[in-house]
Amino acid sequence: MNSKALKTLEYNKIIETLGECALTSIGKEKCLELKPFLDIYTIEKAQDITTEASSMILKKGSLPLGGMKDIRASLSRVNVGGMLNVLELLHIGDFLHVVNKVMAYGKEDASKNDSFPQLVERFELLVPAPAVKKEIERCVLNEQDLADDASSGLLSIRKQIKISNDRIKEQINTVLRSQTYKNMLSDVVVTIRGGRFCVPVKQEYRTVFPGIIHDQSSTGATLFMEPMSVVNLNNKIKELEAEEKKEIEKILMDLSMQVATVSEELSANFELLAELDFFFAKGQLSISMFGSRPIFNTNGFVDIKKGRHPLLNKDTVVPTDIYIGDKFNTLLITGPNTGGKTVALKTLGLFSLMGQAGLHIPAFDGSKLTVFDNIFADIGDEQSIEQSLSTFSSHMTNIVSILKDVTQDSLVLMDELGAGTDPTEGAALAISIIQFLHDRKIKTAVTTHYSELKVYALRTDGVENASCEFDVVSLRPTYKLLIGVPGKSNAFSISKRLGLDDYIIDEAKKLLSSEEMKFEDVITDLEISRKTVELESARAEDYRKQAERLKSEIEQEREKMRKSKEKILQKAQEDAREVVRIAKLEADNIVKEMNKLLKEGNKQEINEKRTVLKEKLEGFGSSMGTSQEQTPRKVPKNLKKGDSVFIHSLNQKGVVTKESDGNGEVMVKAGIMSIKVKITELSLDENVETVTISNQGFKTNAKQAKSLNIRPEIDLRGTMVSEGLELADKYLDDAYLSGLAQVTIIHGKGTGALRTAIHNHLKKHPHVKSYRLGVFGEGEHGVTVVEFK
């Protein structure tokens with residue numbers, strides 16, 4: 001990839017930002033080495049990894065690499081038999097701890113491995129070294145010291161050193177407390193000089209005090225002398241410290257050899273962790289700039305949706321749409337200075353570089369990029385005083401180099417092509433260069449101020465105008481890229497708004513040719529048309545949303561009507577079942593009485609009961625509509641809008657909202673429903689009152705009248721067994737008809753004859769679900785509690 005373009009498009013700044021997302025020095029090194037790839041397979045694989053890393057960060061948090069140190073130098077030394085110091089061993093122990101944490105972080109259930117296949121593959125390659133890790137943690141205490149129990153020899157030596165130190169302290173304390181040496185000492189303290197315990201002795205007693213001089217004060221008045229009583233003990237400590245040093249070196253060498261046995265695994269782990277750090281840095285960068293994965297193609301098509309330049313403030317940058325390579329290969333961008341033309345060029349080039357490097361781009365999902373074999377950019381002031389090159393010359397030198405190296409799969413970006421020289425010659429040269437690239441179907445994006453290039457784009461197939469929008473009222477650019485609309489200079493409008501006299505502006509307009517004026521007028525008309533189209537599109541979008549909202553409300557109303565209809569039908573069925581149930585209960589009751597009379601042989605009462613039963617059945621048939629079927633319903637004629645009717649099929653009142661359509665149907669509103677109903681299913685409302693009253697009357701006679709008079713208990717105390725059973729049987733039927741769920745029969749305790757007879761009767765009663773004797777507080781054995789089915 002062209003190194004000059006990488007610098008011009010500020011790719012290096014993106015890589016530096018990527019490096020800041022890495023957690024380790026080696027990870028940062030890998031970030032800074034990242035370059036765009038040229039084959040789509042490698043690009044797609046790199047994009048997969050970035051996507052997985054960003055998803056895993058959002059799901060689990062950052063990769064736990066805290067405490068990881070660069071151990072490559074230590075591993076190199078142990079591989080040649082070298083010995084590691086305490087700090088290096090501590091770093092290796094910390095590294096092994098990080099390996100374990102990362103393995104735990106990357107551990108996935110088998111069913112979830114498909115979520116992060118690329119990363120899980122790396123996690124599974126990590127190899128722990130538990131034995132070495134455990135041994136280092138046991139032996140190494142901190143950055144400088146080994147633990148006393150790192151070996152039995154070290155433990156023994158340090159115990160002897162401690163004992164010797166304690167003896168020295170005792171001897172010196174004896175000297176300090178001695179009356180013999182009290183006047184010889186300048187102070188009652190113990191100091192260490194040259195690693196040996198000493199006391200401060202006055203200069204005049206140097207020959208009297210028994211000891212060895214090791215140091216003196218700056219004035220020479222005080223000598224630091226080692227008492228003779230501790231010389232041997234100090235000598236022993238020196239010997240023990242030498243033995244301690246040898247033992248420590250032995251332990252360090254042993255630990256280094258253990259590290260050497262797993263150095264290959266540690267080296268592989270280090271490379272894996274560095275690679276994972278690099279991967280997760282890409283994921284973190286994607287999250288920080290709200291990036292998305294671009295869709296790559298090999299068709300040369302680029303479509304960036306709402307792209308935001310990653311180096312601009314993400315809170316203020318204006319998203320822009322850029323596309324090229326489908327219906328046109330060359331894009332000419334015009335517009336005012338500082339209007340966003342150069343940012344659009346850099347966004348196109350930088351997004352292509354980032355995408356090919358496996359990075360996400362800060363744009364909407366679904367943005368498309370293609371694979372370029374090289375990207376060339378001529379952007380910015382290339383003037384060089386050292387090389388004696390003017391702006392035009394330096395730009396042209398760069399363009400000549402680009403035209404030599406460019407291929408059909410390259411992207412060329414040129415800012416202010418042809419500027420810095422005579423406008424007429426510059427415009428002609430710019431058109432010639434663009435035509436050269438266009439003939440070879442090379443993707444090209446150019447910014448310009450030349451009107452000739454706008455005309456060229458309008459006349460040439462495969463070349464498209466674009467402009468950066470400018471608000472003449474506020475004199476500020478909007479930074480919106482408008483593809484398909486050539487930019488207007490706005491020089492006259494801006495000058496007028498800034499206060500330039502009208503006559504000067506009018507004179508300037510006279511100097512323009514008629515063709516130039518017409519072209520500017522065409523651009524103005526295009527701008528007006530564009531804004532009109534945008535306004536109409538916005539209105540159309542509002543209308544579409546309103547239509548969708550109305551459609552949703554209508555569907556909800558239809559669903560409500562359907563449920564209401566189902567509820568009405570369900571209630572009608574329940575009412576019918578209730579009528580049948582009550583009729584059946586009354587019929588059962590009459591049959592029981594008839595059976596009882598039959599046993600007693602009372603034929604006259606039996607006939608009376610038969611007559612009553614017949615009347616009940618006829619009444620039941622009437623309530624279910626049999627009488628209406630036998631007596632033809634009067635079909636209403638000449639129904640008009642507003643007539644009140646009764647819909648027999650729904651058992652519902654309604655109002656006619658639309659007269660007959662000639663097919664024998666009218667539109668009726670029943671509750672919240674408006675439905676078409678056949679006239680034969682209707683009757684005028686006044687003909688229905690008696691039916692409704694009859695239905696309700698039947699229910700009232702059968703159920704409500706009883707429920708008003710039935711009590712939840714019956715007292716049979718003082719009755720004979722036969723009389724009590726008869727009263728209990730009638731009470732049970734009435735209670736069941738009234739809808740009571742549970743009743744209490746009070747029969748008293750007495751001899752228990754009435755209680756036994758009632759229990760035997762309850763066992764065979766068709767409506768009794770269960771029964772039991774009362775408990776404490778209910779009457780105990782004096783009552784029986786009955787539960788109905």
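Reader: Which residue in strand 23 is the bridge partner of Arg 772?

Author: The bridge partner of Arg 772 is Val 785. This is a predicted model, in which local features need pLDDT of at least 70, side-chain atom pairs count only at pLDDT 80 or more, and totals for chains, interfaces and linings use all residues. Residues are numbered from 1 along each chain as its sequence is written, and side-chain values use heavy atoms, leaving out hydrogens and water.

Reader: In which sense do strand 22 and strand 23 pair, and over how many bridges?

Author: Two strands pair if DSSP finds at least two bridges between them. Strands are DSSP runs of E with at least two residues, helices are runs of H or I with at least four, and both are numbered from the N terminus. Strand 22 and strand 23 (residues 783-788) are antiparallel and share five bridges.

Reader: What is the order of the strands in this open sheet?

Author: The four strands follow the order 20-21-23-22, and their pairing is mixed. Strand 20 (713-715) and strand 22 (768-773) each have a single partner strand, so one side of each has no neighbour in the sheet. On average, neighbouring strands are turned by 20° against each other, direction ignored; axes are lines fitted to C-alpha atoms, for helices over the stretch in contact, and angles run from 0 to 180 degrees between N-to-C directions.

Reader: Which helix lies across strand 21, strand 22 and strand 23?

Author: Helix 23 (residues 753-764) lies across strand 21 (742-746), strand 22 and strand 23. Helix 23 runs at about 155° to strand 22. Contact here means heavy atoms within 4.5 Å.

Reader: What is the order of the open sheet with antiparallel pairing?

Author: That sheet has four strands in the order 1-2-4-3. Strand 1 (191-193) and strand 3 (211-216) form its edges, each pairing on one side only. The twist averages 50° from one strand to the next. Strand 2 (residues 196-202) and strand 4 (residues 222-227) run antiparallel and are joined by four bridges; Val 199 stands opposite Met 225 in strand 4. Helix 9 (residues 152-177) packs on the sheet, touching strand 2 and strand 4, and makes about 10° with the direction of strand 2. Helix 10 (residues 228-261) lies across strand 2, strand 3 and strand 4, at about 70° to strand 4.

Reader: Is Ile 504 buried, partly exposed or exposed?

Author: Buried means under 20% relative accessible area, exposed over 50%, and partly exposed in between (1.4 Å probe, protein chains only). Ile 504, in helix 17 (residues 502-511), has 36% relative accessibility and therefore counts as partly exposed. Of the protein's 789 residues, 40% count as buried.
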